[in-house]
Amino acid sequence: MTLVTTKTLSRAFGDSTTMLRRSLKHMVRYPSMTVTLIGMPVVFLLLFVYVFGGTLGAGLGGAAGGRAEYANYVAPGILLMTIAANAQGTAISVAMDMTEGVIARFRTMAIARVSVLTGHVLGSVIQAVLGLAVVTGVALLVGFRPTAGLAGWLAAAGVLVLIAFAITWLSVALGMVTKTVEAASNLPMPLVFLPFLGSGFVPPESMPTVLRVFAEYQPFTPFIETVRGLLLGTPIGNSAVLTVAWSAGIALAGYVWAKALFNREPAA
Amino acid sequence: MTFEPTRPAIAVRDLRKSFGDQVVLDGIDLTVPSGTVFALLGPNGAGKTTIVRILSTLIGADGGDLRVAGHDVVREPDSVRAAIGVTGQFAAVDNLLTGEENLLLMAALHHLGKRAGRRRAAELLDRFGLTEAARKPVATYSGGMRRRLDLAMGLVGDPRVVFLDEPTTGLDPRSRRGLWDVVRGLVADGVTVLLTTQYLEEADQLADRIALLDHGRLVAEGTAAELKRQVPGGHVRLSFSDPRDLAAAARALGGGSADDDELTLRVPGDGGVRSLRALLDRLDDAGVEVGDLTVHTPDLDDVFLALTGGTDRADRAKESAR
């Protein structure tokens with residue numbers, strides 16, 4: 001029915017760029033959000049390396065052993081946690097934005113409607129990349145020693161951006177499905193815990209059966225295993241394929257859901 | 001003034017809308033000729049905002065034939081959106097951006113190009129007296145400034161039809177007058193304005209035609225003068241210190257309703273300067289000493305009283321207007 005013309009596409013692209021600029025300005029004006037979002041995974045990284053790292057590292061039984069071994073093990077999990085924490089921020093800023101009158105104005109303008117959402121997504125992905133860079137830097141300072149070459153680093157970065165893109169679309173929908181900003185900040189909370197219930201902090205083999213099965217089949221385990229494999233040379237197996245499949249699925253579902261929520265008739 | 005036989009800027013036939021079981025708009029017909037100001041007057045809850053929200057493509061209607069700027073609102077929403085500017089009851093501005101950034105955002109979304117966008121923003125900032133505050137975040141603006149910026153944002157795309165939903169509610173008298181001047185300027189440029197308001201005076205000042213909305217129905221439509229003629233509320237109240245003066249005044253003016261206990265006389269009149277002068281001249285000629293004089297002009301409540309035919313409804317209107 002709809003013919004996607006180049007004109008429609010270029011309008012969607014242009015309007016998305018405009019909305020991205022708006023999102024970035026919001027981040028600059030409201031930096032406490034960004035600081036909180038990046039601060040949380042950094043705190044978890046320090047906590048796990050320095051408080052729990054000695055004991056947990058011994059349990060891993062690797063060649064290096066102890067804290068150094070654990071810093072390597074936990075860093076990829078913390079990177080995924082950075083993406084999840086960022087998703088929480090996305091949901092909050094989307095929920096806050098939807099209460100603003102300017103959104104109603106956008107709805108009465110001849111613009112590509114989806115650009116209101118893509119502006120948020122692109123802004124959040126940029127924020128996630130910023131967070132990932134900071135967390136990687138801190139991880140390197142506390143003993144994270146990746147063995148990857150340039151290709152490995154680039155591949156890992158690509159995978160992380162892909163995952164961030166997918167999770168962000170989902171969190172945009174989460175930010176709109178709730179009625180209040182408070183609810184929007186709670187809804188993505190489970191995402192932050194998924195690295196714990198996967199291979200992020202300890203190997204799933206050490207968990208009781210129910211948890212282990214959950215860990216094996218939830219998306220964060222292949223996410224973490226892929227990043228870990230790319231950076232540290234551990235076996236990746238089918239994790240890479242699973243990661244791409246999960247990301248594509250989550251991104252598509254999030255996109256369709258978010259778009260449907262945004263096109264709902266605004267409350268009277 | 002010339003009348004162009006062009007199609008109307010807004011044409012609405014049998015507009016219906018319900019929220020759940022509650023009927024909000026019960027068959028509205030409106031025609032707004034191009035280049036005129038049309039005011040929808042009514043208390044809160046009468047359905048004014050709902051009409052604006054539907055015609056500006058924000059929400060859908062349940063039924064009716066709706067055309068804005070020649071385009072069908074249901075079938076060609078994007079063509080309608082390209083032709084309109086909207087200013088809502090609550091300022092639709094981005095609070096985290098500055099005033100200038102808000103206007104540049106609108107310019108970018110209208111694909112004006114960088115240089116043209118800057119020029120348009122500067123021009124609107126100047127026209128709305130916001131140049132000085134241009135680089136300040138909107139969150140620091142006063143109510144009147146936010147409303148002016150809101151209106152300016154709606155004008156960036158040079159709309160042919162402008163919707164103003166209670167543009168002066170909550171504004172101080174000076175800001176209100178400033179906004180009225182802006183509306184007059186728009187009309188001078190040939191823009192069509194659909195305005196909603198609770199204030200008869202505002203409709204009176206700005207509108208070519210006024211429609212009275214009550215409980216989702218149009219109860220009257222006409223020019224301000226036509227509507228006021230239907231209102232019996234206008235009168236002059238004279239009070240006296242001496243019953244003899246009261247009697248003499250009643251004789252001199254040949255009527256009015258006298259209150260012998262309060263020593264007052266109510267005389268029908270619109271309170272205009274000319275009629276007041278005539279009234280006082282007649283009292284002077286009769287040598288009557290007047291203690292006090294108050295003029296009562298018809299207001300929205302009177303209009304409702306007269307046009308909805310009953311104190312009960314007017315009281316309800318008053319109640320919901322609060």
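Reader: What should I know before I start?

Author: Residues are numbered from 1 along each chain as its sequence is written, and chains are lettered from A in the order in which they are written. In this predicted model local features need pLDDT of at least 70, side-chain atom pairs count only at pLDDT 80 or more, and totals for chains, interfaces and linings use all residues, while side-chain values use heavy atoms, leaving out hydrogens and water.

Reader: How many residues of chain A and chain B are in contact?

Author: Contact means heavy atoms within 4.5 Å. Here 25 residues of chain A meet 31 residues of chain B.

Reader: And how many salt bridges cross the interface?

Author: A salt bridge needs a side-chain nitrogen of Lys or Arg within 4 Å of a carboxyl oxygen of Asp or Glu. The rule finds 4 between chain A and chain B. One of them joins B:Asp150 to A:Arg105, with the closest N and O atoms 2.3 Å apart.

Reader: What about aromatic pairs?

Author: Rings of Phe, Tyr and Trp (its six-membered ring) pair if their centres lie within 6.5 Å; planes under 30 degrees apart count as stacked, over 60 as edge-to-face and the rest as tilted. The whole structure has 10 such pairs over all chains. A:Tyr70 and A:Tyr73 are stacked, 6.3 Å centre to centre with 25° between the planes.

Reader: Is A:Tyr70 buried or exposed?

Author: Buried means under 20% relative accessible area, exposed over 50%, partly exposed in between (1.4 Å probe, protein chains only). A:Tyr70 has 1%, so the residue is buried, and A:Tyr73, at 13%, is buried too.
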